[in-house]
Amino acid sequence: MSTLELIGSSAKFRTVLDRINMIAPVDSAVLIQGETGTGKEVIAQAIHEAGRRRQNSFVAVNCAAIPSGLLESELFGHERGAFTGAVAQTTGRFQTADRGTLFLDEIGDLPLELQPKLLRVLQEMQIERLGSGRAIQLDVRIIAATNQDLWRMVQERKFRADLYFRLNVFPIMLPSLRERRGDIALLAEHFVQKFARRQGKVIDRIPDDVIEILKCHDWPGNIRELQNVIERAVIMSNGPSLELKLSEVQVRSSELAPARTLLDAERAHIITVLREMNWIVGGRHGAAAQLGVPRTTLIAMMRRHGISREALGFAGGDSDLIAVPKPSHNSYAPRGIEGQDGIYHQSQSCLEATR
Ligand SMILES: Nc1ncnc2c1ncn2[C@@H]1O[C@H](COP(=O)(O)OP(=O)(O)OP(=O)(O)O)[C@@H](O)[C@H]1O
Ligand SMILES: [Mg+2]
């Protein structure tokens, strides 16, 4: 019985579920691609658990986490004395996964020199432990994952085309969380219950405006980031209703979200310089001088971008901070109003963009 709970009901996520159901009963190689935190590993596990191999092992290898010199022996095993320091025979991950599934995570980080060997093993389904001339026949299902653009790596000759085609028999592209905003409320509720249970709390309500903040954030860290934000919010909540500080979401938005438009880049740069200047706007050591614009221009830009120290969740200080009124509503401004207690209280709708 599966212990996995895959949360989501958006059309994009249902397409992923359909593809899992399609591929689980057959043994073809699967390549899962998606940004960090989109659930590549849980989807790989779901494929394993939905197929006939579910009684056997699901073995994960993170190709980026193992030093390249050790990866070959980690994958295929070695005999005693195969190399200096090989004091005992070891079984590689391939063999451990026999009759089960081997999950090759971060496959884009597989060193080029190891790629032909992996290809041969995948084609013949035979391994040889390092230092042994004996071939061992295996029955392993391969699922690979990466957050890199593997096809581009092929074009840049950083990844072998033959291995790419061998792994990419059945591709699954995981949508980012901002492409499936319709699932955010469901995921948030799931995580609230999970962490409340763990922390011995009862939280049975997520205010609508909190849901709206969550839906409006871009989530560069995807589901993992949402999970972390909710875990923190559950810790901070004292009553039956989830309390979420606007700054918990926004600081991360401005710091982590990759700038996609010129306006995003402008906003991010202004925030960086303001922080460097300790939020001093005017004067010789102020942000306006650093940015090469008149003080009044910077204030107008801050107003336009909805930038103020409070809105970004920085604690007050004794610097010459110019208070900039929050904008009424535009596409790049913080959407919502933070009360004096720092808790989000109300917001304007951005739901049109979230469905
Ligand atoms: N559909 C989902 N429902 C519930 N939880 C999910 C879902 N997808 C992912 N998660 C949770 O989000 C977190 C990140 O998932 P996972 O580790 O699979 O992402 P990833 O794509 O492998 O990330 P990375 O690229 O950083 O390795 C995990 O805690 C996982 O349990
Ligand atoms: Mg992962």
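**Exercise 1. Find which helices each supply at least two residues of the shell around ligand 1, and work out where ligand 1 lies.**

Step 1. Helix 2 (40–50) and helix 10 (222–236) each give the shell at least two residues; helices are DSSP runs of H or I with at least four residues, numbered from the N terminus.

Before going on, note that this is a predicted model, where local features need pLDDT of at least 70, side-chain atom pairs count only at pLDDT 80 or more, and totals for chains, interfaces and linings use all residues. Residues are numbered from 1 along each chain as its sequence is written, while chains are lettered from A and ligands numbered from 1 in the order in which they are written.

Step 2. Among the 16 residues around ligand 1, the nearest are Ile7, Thr36, Gly39, Lys40 and Glu41; a residue counts as near if its C-beta atom, placed from the backbone, lies within 6 Å.

Step 3. Ligand 1 lies between domain 1 (11–175) and domain 2 (177–244), because both give residues to its shell. The domain bounds come from an automatic or database domain assignment.

**Exercise 2. Decide how much confidence the chain carries.**

Step 1. Mean pLDDT, the predictor's confidence in each residue from 0 to 100, is 84 for the protein chain, with 83% of residues at 70 or more.

Step 2. Now look at residues 251–256, where pLDDT stays under 50, and at residues 315–355, where it is below 50 too.

Step 3. Where pLDDT is low, predicted coordinates should not be read in detail.

Methods:
Contact = placed C-beta atoms within 7 Å.
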